[in-house]
Amino acid sequence: MKTTLNRFLLLLAAWGVVVTAAGAMHLLSHLPPFVIPVIVAGITIALIFATARIPWLSDAVGQISLRGLLSAHLVRFIGIYFLWLYGQGRLPAEFAHNAGWGDIIAAAGALGLLFWPENSAGFRRA
């Protein structure tokens, strides 16, 4: 069982390396703006479909605790950095404000839920 989770985490790490390399090499900068959300939606749909169809992937995702999922969203405090880059004139305002504030709000919500008692009535609903 633990092997499937490790396999999934390795897959996520590989995806992170590929995405970071693509960003560093500006591979997506020549695409029309609407293409990026289409790519993100496609990857999301592919992961949902793969999780439903691939048994080991379904097992791995099932092993991740709710607190683990919430903890993963803490990285979204990177939105502060987006706003800082905008302040430096190194990031466009539209991206910095939309992505920056959106990420900060999501991270703050996750942080709040991490401190909420898991056995309380409204935790899972929240």
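Visitor: What is the volume of the second largest pocket?
Guide: This is a predicted model, and the volume is computed from its atoms alone. Rolling a probe the size of a water molecule over the atoms shows where empty space is left. For the second largest pocket, the volume comes to about 260 Å³.

Visitor: Which helix gives the most to the lining of the second largest pocket?
Guide: The lining consists of Val75, Arg76, Ile78, Phe82, Phe95, Ala99 and Asp103, which by class are five nonpolar, no polar and two charged residues. With three residues, the helix that gives the most to this lining is α6.

Visitor: With which residue does Asp103 form a salt bridge?
Guide: Side chains of opposite charge can pair when their charged atoms come close. The structure holds one salt bridge, and in the pair that Asp103 forms, the closest N and O atoms are 3.0 Å apart. The pair links distant parts of the chain, 27 residues apart, with Asp103 in helix α6 and its partner in the loop between α4 and α5. That partner is Arg76.

Visitor: Is Asp103 buried or exposed?
Guide: A residue counts as buried when its relative accessible area is under 20%. Arg76, with a relative accessible area of 28%, is therefore partly exposed. Because its relative accessibility is 14%, Asp103 counts as buried.

Visitor: Against which helices do the buried residues of α6 pack?
Guide: The buried residues in α6 are Ala96, Ala99, Gly100, Asp103, Ile104, Ala107, Ala110 and Leu113. An α-helix has 3.6 residues a turn, so residues three or four places apart point the same way. The buried residues of α6 pack against α4 (66-72) and α5 (79-87).

Visitor: How far apart are the end C-alpha atoms of helix α6?
Guide: Helix α6 covers residues 93-114, and at 1.5 Å a residue its 22 residues should span 32 Å.

Visitor: Which helix gives the most to the lining of the largest pocket?
Guide: About 1900 Å³ of space lies in the largest pocket, which is lined by 43 residues, with Trp15, Val19, Ile39, Val40 and Ile43 nearest its centre. At least two residues of this lining come from each of α1 (2-24), α2 (35-53), α4 and α5. With twelve residues, the helix that gives the most is α1.

Visitor: How many residues of the lining of the largest pocket are charged?
Guide: The lining of the largest pocket divides by class, with 33 nonpolar residues and nine polar ones. For the charged class, the number is one.

Definitions and conventions:
Residues are numbered from 1 along each chain as its sequence is written. This is a predicted model: local features need pLDDT of at least 70, side-chain atom pairs count only at pLDDT 80 or more; totals for chains, interfaces and linings use all residues. Side-chain values use heavy atoms; hydrogens and water are left out. Helices (H or I, at least four residues) and strands (E, at least two) are DSSP runs, numbered from the N terminus. The expected span of a helix is 1.5 Å times one less than its number of residues. Buried means under 20% relative accessible area, exposed over 50%, partly exposed in between (1.4 Å probe, protein chains only). Contact means heavy atoms within 4.5 Å. A salt bridge is a side-chain nitrogen of Lys or Arg within 4 Å of a carboxyl oxygen of Asp or Glu. On a 1 Å grid over the protein atoms alone, a cavity is a set of points where a 1.4 Å probe fits but cannot get out, and a pocket is an open set with protein on both sides within 12 Å along at least five of seven lines; lining residues have an atom within 4 Å of a point. Grid points are joined across faces, edges and corners, and a volume is the space filled by probe spheres set on the points. Ala, Val, Leu, Ile, Met, Phe, Trp, Tyr, Cys and Pro count as nonpolar, Asp, Glu, Lys and Arg as charged, and the others, Gly among them, as polar.
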